[in-house]
Amino acid sequence: MEENYFYKKWIKWNGLEFSPLNHISVTDTQSEWETLREEVSRCRACLYGTKRLHPVFGEGDSRASLVFVGEGPGREEDESGRPFVGRAGRLLRQVLEETGTDPSQIYIANIVKCRPFNNENPREEAVKACLPYLERQLNLLTPRIIVALGKVPGTILSGEKEIKITREHGRITRHGEFPLLLTFHPSFLIRPNGASFIPSFKEDIRKALDFIR
Ligand code: SF4
C-alpha cells in the first residue's frame with residue numbers, strides 16, 4: 001500500500017494517458033482504499049483523534065472527476081462520520097442539486113478528518129498529520145478539478161497566502177497537478193452576512209462543472 005502511494009502521484013486511470021502504473025488493477029485500487037480507510041479509522045496522530053466520536057473519511061464516487069474539500073468535520077459530521085451533513089452541508093447538497101451536479105461525479109472530503117476543538121480552524125500540527133491521507137485520496141481519485149470550500153482549504157491546497165474568498169472566489173489555481181477552484185465555505189453562506197453570496201457560489205459550482213464537461 002505504502003508502495004502504491006509513493007509511486008507516481010498523477011496516474012490517469014482512464015487508460016488514455018500512458019503511465020508506467022497502468023498495470024495497477026482495479027483490485028489494487030480497491031485494496032488501497034480499504035487500507036486507507038482502515039488507517040484513518042485507527043489514527044490518533046494528532047490531538048483531534050483523542051476526542052472525536054468518528055473520523056470523517058470522505059465519501060462519494062471513487063472515480064469522481066470533481067472533488068470538494070472542506071476544512072474539517074463539525075458536530076453533526078463527528079456524530080455521523082459523514083462529511084457535510086449539517087446545515088452547511090445541506091446547503092451544499094441543495095446547490096449541487098440545483099446546478100445539476102451528477103452525484104456520481106463527485107467526492108467530498110476535508111483537510112482534517114477529525115473534528116477540530118470548538119470548531120477552530122485546524123491547527124498546523126493536525127493539518128501536517130492529516131494531509132497525507134487527503135493526498136492519497138486525491139491520488140486515487142485523480143479528479144479533473146478540486147473545489148476548495150473556503151479560505152482554509154484554499155490556502156492550504158494552493159500554498160498561496162492571504163487568499164480573500166469574497167474577492168477571489170471562482171479563481172482557478174493549482175494543487176500540484178490538479179486544477180483547484182476557490183470558492184466559499186457553505187458555513188459562511190448560511191450566516192446572515194453570507195447569504196448574499198449564494199448566487200456567486202452557484203456560479204462557481206457551474207464553473208467547476210463546465211471544467212469537467
Ligand atoms: S485529524 Fe487526521 S491526523 Fe488527526 S487523528 Fe484524525 S485522522 Fe489522524
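User: Which residue in β6 stands opposite Ile172?

Analyst: Ile172 stands opposite Leu181 in β6, and His175 has Phe178 of β6 as its bridge partner. Residues are numbered from 1 along each chain, as its sequence is written. The model is predicted, and local features therefore need a pLDDT of at least 70, side-chain atom pairs count only at pLDDT 80 or more, and totals for chains, interfaces and linings use all residues.

User: What makes β5 and β6 a pair?

Analyst: Two strands pair if DSSP finds at least two bridges between them.

User: Why are β1 and β5 called edge strands?

Analyst: The open sheet has 6 strands in the order β1-β3-β2-β4-β6-β5, with mixed pairing. β1 (59–60) and β5 each pair on one side only, so they are the edge strands. A strand here is a DSSP run of E with at least two residues, a helix is a run of H or I with at least four, and both are numbered from the N terminus; the protein has 10 helices and 6 strands.

User: Why is Asn139 called buried?

Analyst: A residue is buried if 20 or more other C-beta atoms, placed from the backbone, lie within 10 Å of its own, exposed if 12 or fewer do, and partly exposed in between. Asn139, which sits in helix α6, has 21 such atoms within 10 Å, and is therefore buried. Asn139 and Phe178 are 39 residues apart in sequence, and their C-alpha atoms are 10.0 Å apart in space.

User: How do you know that the length of α5 agrees with that of a helix?

Analyst: The expected span is 1.5 Å times one less than the number of residues. For the 12 residues of α5 (residues 87–98) this should give 16 Å, and the end C-alpha atoms are 17 Å apart, which agrees. Just after α5, Gly100 takes a positive phi of about 75°.

User: Why are the buried residues of α5 said to line one face?

Analyst: The buried residues of α5 are Ala88, Gly89, Leu92 and Leu96. Seen down the axis, they fall within an arc of 100° (the arc of directions from the helix axis to the C-beta atoms), so they line one face of the helix. On the other side of α5, Gln94, Glu97 and Glu98 are exposed.

User: What makes up the shell around the ligand?

Analyst: The shell has 14 residues, and the closest are Cys43, Cys46, Gly49, Cys114 and Cys130; a residue is near if its C-beta atom, placed from the backbone, lies within 6 Å. α3 (48–51) and α6 (124–141) are the elements that give two or more residues to this shell, and α6 gives the most, with 3.
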